[in-house]
Amino acid sequence: VTLEEKGYVVKNGTEYQIGLKFLDQGMFARDQHPALPVARDALRQLAAESDGLVWLTTEERGQAIHIAKQDGEYGVQAVARVGSGLPMHACSPGKVILAHLPTDQVHEIVDQHGLEAYTENTITEIDDLMSSLEEIRQTGVALSDGELLSGSRSVASPIVIDDKILGAISVVGPK
């Protein structure tokens, strides 16, 4: 049995491309995530009330992975799409998730992925990140002011059930 027979690749003329079977698998994986049923209504409500772009994001492999979105009228169409991974330290949902992880896990993520600068506002020093995470724990929200994409702002709140961080909901809009 080949990948083509299974639908994972399709032949287009003389070239092969990824088939939609991966979409099916990805949607199944997303639909199994415990944060989705908790956040689905909130995504719609926040997009309608804020007119921003609202994301449901979780952590996987040390990245902030968007698993659902809802577009508001003035949402910033940023560099991300559902399924894409973003740097945890440079986006509000990533930072609010990091704030709810054990310190040793935060250091593992930073060791693996680094603290790359995406704009002049990106946190690039571990001490600054740890200080920011402490503030997020105190306030309960994370902010990003052009840290990943110049000209945008976002705010994120965690989704915590039974003392476990499942993900975050964020609203992104123009500065």
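## Nonpolar cores

In this predicted model, the largest nonpolar core comprises 28 residues. A nonpolar core is here a set of buried Ala, Val, Leu, Ile, Met, Phe, Trp, Tyr and Cys residues joined through side-chain atoms within 4.5 Å; buried denotes under 20% relative accessible area, exposed over 50%, and partly exposed the range in between (1.4 Å probe, protein chains only). The residues with the most contacts inside this core are Val96, Ile97, Leu98, Leu101, Val106, Leu129 and Leu133. Two or more residues are given to the core by each of β3 (53-60), α4 (92-99), α5 (103-113), α6 (126-139) and β8 (164-174). These elements are DSSP runs numbered from the N terminus, helices being H or I with at least four residues and strands E with at least two. Apart from this core lies another, of 14 residues, which includes Ala35, Leu43, Leu56 and Leu166.

Residues are numbered from 1 along each chain as its sequence is written. Local features need pLDDT of at least 70 and side-chain atom pairs count only at pLDDT 80 or more, while totals for chains, interfaces and linings use all residues, and side-chain values use heavy atoms, with hydrogens and water left out.

Helix α4 is mostly covered, with 8 of its 8 residues buried. These are Ser92, Pro93, Gly94, Lys95, Val96, Ile97, Leu98 and Ala99. Ile97 touches Thr57, Thr58, Glu59, Met88, Ile165, Gly167 and Ala168, residues up to four places away in sequence not being counted; contact means heavy atoms within 4.5 Å.

In α5, the buried residues are Val106, Ile109 and Val110. They lie on the same side of α5, because they cover an arc of only 95 degrees around the axis, the arc being that of the directions from the helix axis to the C-beta atoms. An α-helix has 3.6 residues a turn, so residues three or four places apart point the same way. The buried residues of α5 pack against β3, α4 and α6, whereas the face turned away from the buried side carries the exposed residues Asp104, Glu108, Asp111 and Gln112. Gly114 follows α5 and has a positive phi, near 75 degrees.

Trp55 is found in strand β3 and is buried, with a relative accessible area of 3%. Not counting residues up to four places away in sequence, Trp55 touches Leu43, His66, Ala68, Lys69, Ala80, Arg81, Val82, Ala168, Ile169, Ser170 and Val172. The C-alpha atoms of Trp55 and Gly173 are separated by 11 Å, although these residues are 118 residues apart along the chain.

Ser132 is found in helix α6 and is also buried, at a relative accessible area of 16%. Under the exclusion of residues up to four places away in sequence, Ser132 touches Lys95 and Ile123.

## Salt bridges

A search of the whole structure finds 8 salt bridges, each defined as a side-chain nitrogen of Lys or Arg within 4 Å of a carboxyl oxygen of Asp or Glu. Side chains of opposite charge can pair when their charged atoms come close. One of the salt bridges joins Glu147 and Lys95, with the closest N and O atoms 2.9 Å apart. This pair links distant parts of the chain, 52 residues apart: Glu147 is in the loop between β6 (142-145) and β7 (152-161), and Lys95 is in helix α4. Glu147 is buried at 8% relative accessible area, and Lys95 is buried at 3%.

Asp145 forms a salt bridge with Lys175, the closest N and O atoms being 3.3 Å apart. The two residues are 30 residues apart and link distant parts of the chain, Asp145 being in strand β6 and Lys175 in the segment after β8. Asp145 is partly exposed at 31%, while Lys175 counts as exposed at 54% relative accessibility. Salt bridges that share partners join Asp145, Arg153 and Lys175 into one network. Asp71 also forms a salt bridge, with Lys69, at 3.6 Å between the closest N and O atoms. Asp71 is partly exposed at 42% relative accessibility, and Lys69 is partly exposed at 33%.

## Nonpolar surface patch

Leu20, Leu23 and Met27 make a nonpolar surface patch of about 310 Å². Patches are made of residues with over 30% relative accessible area and no salt bridge, like charges being joined within 9 Å and nonpolar side chains (Val, Leu, Ile, Met, Phe, Trp, Tyr) within 5 Å. Accessible areas come from the Shrake-Rupley method with a 1.4 Å probe, and for residues only the protein chains shown count as cover. Leu23 lies in helix α2 (residues 21-31).
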